[in-house]
Amino acid sequence: MIDSPDEAARDIPLTVLSAALHRRDPDAGAILKALASALKGLTAHDENTASIFIELTEQGLGKTPAADLWRQIMAADLSFFQSETAQSLRAEGRDEGRAEGRAEGRAGALLLLLDRRGVSLSEGERARIVGCSDVEVLDVWFTRAITASSAAEVFESEGS
């Protein structure tokens, strides 16, 4: 298990292998952080090789929690990488942020509409609206709220 940035920098290929072999280990995050640090140093000299190691690491982690952590590290801390994976992760993060922002905006507008129309909401109903991340569902609720006289009318015939 290679979990030291210095050791990882001395042998990046072995660290990639260590990450893959220990992907289910509770301490896999330490390996991934050490690897990310080593790759950051490598990128300054050889971005193409660093990109290959990034891709190999992702493939080696498979569909494990460690793979999710690796993607978070890539998206948050490795903006200096121009690899396809790094670029894709940054784009996904922006898209997710936009989608979350749209849902929050729709939920806020729905709450404002219901408040202005005098439709009272229970804490559970309010939480349901605020917790909804599906913009299409929020749009349906908003459309119903335009004429609804109760929260039940807003949520009627809902499978969600």
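**Salt bridges, surface patches and helices**

Asp-68 is partly exposed, with a relative accessible area of 43%. Why does Asp-68 count as partly exposed? Buried residues fall under 20% and exposed residues lie over 50%, so a value of 43% belongs to the class in between. The model described here is predicted. Asp-68 forms a salt bridge with Arg-71. The closest N and O atoms of this pair are 3.0 Å apart. Both residues lie in helix α5. They are 3 residues apart, which is about one turn of the helix.

The structure as a whole is helical in its listed elements: the protein has 9 helices and 0 strands. Read from the N terminus, the order of elements is α-α-α-α-α-α-α-α-α. The protein has 160 residues, and 36% of them are buried.

How many salt bridges does the structure hold? The count is 3. In one of them, Glu-58 and Arg-71 meet through their side chains, with an N to O distance of 3.5 Å. This pair links distant parts of the chain. Glu-58 sits in helix α4, residues 47-61, while Arg-71 sits in helix α5, residues 65-77. The two residues are 13 positions apart. Glu-58 is partly exposed, with a relative accessible area of 22%. For Arg-71 the value is 26%, and this residue is also partly exposed. Neither residue counts as buried, because that class requires a value under 20%.

A further salt bridge joins Arg-106 and Asp-139. Here the closest N and O atoms are 2.6 Å apart. Arg-106 belongs to helix α6, residues 84-116, and Asp-139 to helix α8, residues 135-145. The pair therefore ties together parts that are 33 residues apart in sequence. Arg-106 has a relative accessible area of 30% and is partly exposed. Asp-139 is partly exposed at 31%.

Val-135, Val-137, Leu-138, Trp-141 and Ala-145 are buried in α8. These residues lie on the same side of α8, because they cover an arc of only 155° around the axis. The other side of α8 carries exposed residues, Glu-136 and Thr-143.

Two patches were found on the surface. One is a patch of negative charge, where Asp-3, Glu-7, Asp-11 and Asp-27 gather. Where is Asp-11 found? Asp-11 is in the loop between α1, residues 5-10, and α2, residues 12-21. Its relative accessibility is 32%, so Asp-11 counts as partly exposed. Asp-27 lies in another stretch of the chain, the loop between α2 and α3, the latter being residues 28-43. Asp-27 has a relative accessibility of 46% and counts as partly exposed. Asp-27 and Asp-3 are 24 residues apart in sequence. In space, their C-alpha atoms are 8.6 Å apart.

The other patch is nonpolar. Leu-14, Leu-17 and Leu-21 make this surface patch of about 300 Å². Leu-14 is found in helix α2. Its relative accessible area is 42%, and Leu-14 is partly exposed.

A contact between parts of the chain separated in sequence is given by Glu-125 and Ala-151. They are 26 residues apart in sequence. Their C-alpha atoms are 7.6 Å apart in space. Glu-125 lies in helix α7, residues 123-131. With a relative accessible area of 24%, Glu-125 is partly exposed.

How values were computed. Residues are numbered from 1 along each chain as its sequence is written. This is a predicted model: local features need pLDDT of at least 70, side-chain atom pairs count only at pLDDT 80 or more; totals for chains, interfaces and linings use all residues. Side-chain values use heavy atoms; hydrogens and water are left out. Patches are made of residues with over 30% relative accessible area and no salt bridge: like charges are joined within 9 Å, nonpolar side chains (Val, Leu, Ile, Met, Phe, Trp, Tyr) within 5 Å. Accessible areas come from the Shrake-Rupley method with a 1.4 Å probe; for residues, only the protein chains shown count as cover. A salt bridge is a side-chain nitrogen of Lys or Arg within 4 Å of a carboxyl oxygen of Asp or Glu. Lys and Arg count as positive and Asp and Glu as negative; His and the chain ends are not counted. The place of a charge is taken as NZ of Lys, CZ of Arg, CG of Asp or CD of Glu. Helices (H or I, at least four residues) and strands (E, at least two) are DSSP runs, numbered from the N terminus. Buried means under 20% relative accessible area, exposed over 50%, partly exposed in between (1.4 Å probe, protein chains only). The arc is that of the directions from the helix axis to the C-beta atoms.
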